[in-house]
Amino acid sequence: MFKLLERFAIDLSNRLHLDGHNVTIIRFFDDADQNILESEVNEGVKIVTIRKKPGFDFSLIFKVFKYLRKLKPDVVHTHLNAFNYCF
């Protein structure tokens, strides 16, 4: 299921970038598995990694808020495991 969600996020990000939108992907982990992400994302799509601690990471709420405040996005897309931190 994770790979399907990752594929969706990559395709959506690439399409929005090609349509002229500024796109930033915020990911919580910098695992070796996620290096695939970088190779499939268009060059114009920015990737930001926030290092999440294992379990519920309360500080991540503030890190996500910091980036969202800085980026001032029109649209935020998230998956269920990130929803708690973005709400």
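**Side chains, strands and salt bridges**

Tutor: Start with Lys66, which lies over the face of Tyr67, 5.8 Å from the ring centre. The rule for a charge over a ring: NZ of Lys or CZ of Arg within 6 Å of the ring centre and within 35 degrees of the ring normal. Before going on, note that this is a predicted model, where local features need pLDDT of at least 70, side-chain atom pairs count only at pLDDT 80 or more, and totals for chains, interfaces and linings use all residues. Residues are numbered from 1 along each chain as its sequence is written, and side-chain values use heavy atoms, with hydrogens and water left out.

Student: OK. How many aromatic pairs are there?

Tutor: The count is one aromatic pair. Rings of Phe, Tyr and Trp (its six-membered ring) pair if their centres lie within 6.5 Å; planes under 30 degrees apart are stacked, over 60 edge-to-face, the rest tilted.

Student: And why is the pair of Phe58 and Phe62 called edge-to-face?

Tutor: Their planes are at 75 degrees, so the pair is edge-to-face, with ring centres 5.5 Å apart.

Student: Is Phe58 buried or exposed? What about Phe62?

Tutor: Phe58 is exposed, at 53% relative accessibility. Phe62 is exposed too, at 52%. The cut-offs: buried is under 20% relative accessible area, exposed is over 50%, partly exposed is in between (1.4 Å probe, protein chains only).

Student: Next, Leu68. Where is it found?

Tutor: Leu68 is in helix H3, residues 59–71. Helices (H or I, at least four residues) and strands (E, at least two) are DSSP runs, numbered from the N terminus. Leu68 is partly exposed, with a relative accessible area of 23%.

Student: What is Leu68 in contact with, leaving aside neighbours within four places in sequence?

Tutor: Pro73 and Val76. Contact means heavy atoms within 4.5 Å. There is also a C-alpha separation to give: Leu68 and Ile26 are 42 residues apart along the chain, and their C-alpha atoms are separated by 9.5 Å.

Student: Ile26 is in a strand, then. Which face of S1 is it on?

Tutor: The uncovered one, with Thr24. The covered face of S1 (residues 24–27) has Ile25 and Arg27.

Student: In what sense do S1 and S2 pair?

Tutor: Parallel, over four bridges, with S2 spanning residues 46–49. Two strands pair if DSSP finds at least two bridges between them. Thr24 stands opposite Lys46 in S2.

Student: Switch to H1. Is Asn14 buried or exposed?

Tutor: Asn14 is buried, at 11% relative accessibility. Its place is in helix H1, residues 2–18.

Student: What does Asn14 contact, leaving aside neighbours within four places in sequence?

Tutor: Glu40, Val41, Asn42 and Val45. As for Glu43, it is 29 residues from Asn14 along the chain, and the two C-alpha atoms are separated by 9.1 Å.

Student: Now charges. How many salt bridges?

Tutor: Three salt bridges. The rule is a side-chain nitrogen of Lys or Arg within 4 Å of a carboxyl oxygen of Asp or Glu. Arg7 and Asp11 form one of them, at 3.0 Å, N to O. They are four residues apart in helix H1, so about one helical turn separates them.

Student: What about Glu40 and Arg7?

Tutor: Their side chains meet in a salt bridge at 2.4 Å, N to O. Glu40 lies in helix H2 (residues 35–40) and Arg7 in helix H1, so the pair ties together parts that are 33 residues apart in sequence.

Student: How accessible is Glu40? And Arg7?

Tutor: Glu40 is partly exposed, at 31%. Arg7 is partly exposed as well, at 34% relative accessibility. For Asp11 the relative accessible area is 40%, again partly exposed.

Student: Which residue does Asp19 bridge to?

Tutor: Arg15, with the closest N and O atoms 2.8 Å apart. Asp19 is partly exposed, at 47%. Arg15 is partly exposed, at 47%.

Student: Which residues form a network through shared partners?

Tutor: Arg7, Asp11 and Glu40 are joined into one network by their salt bridges.
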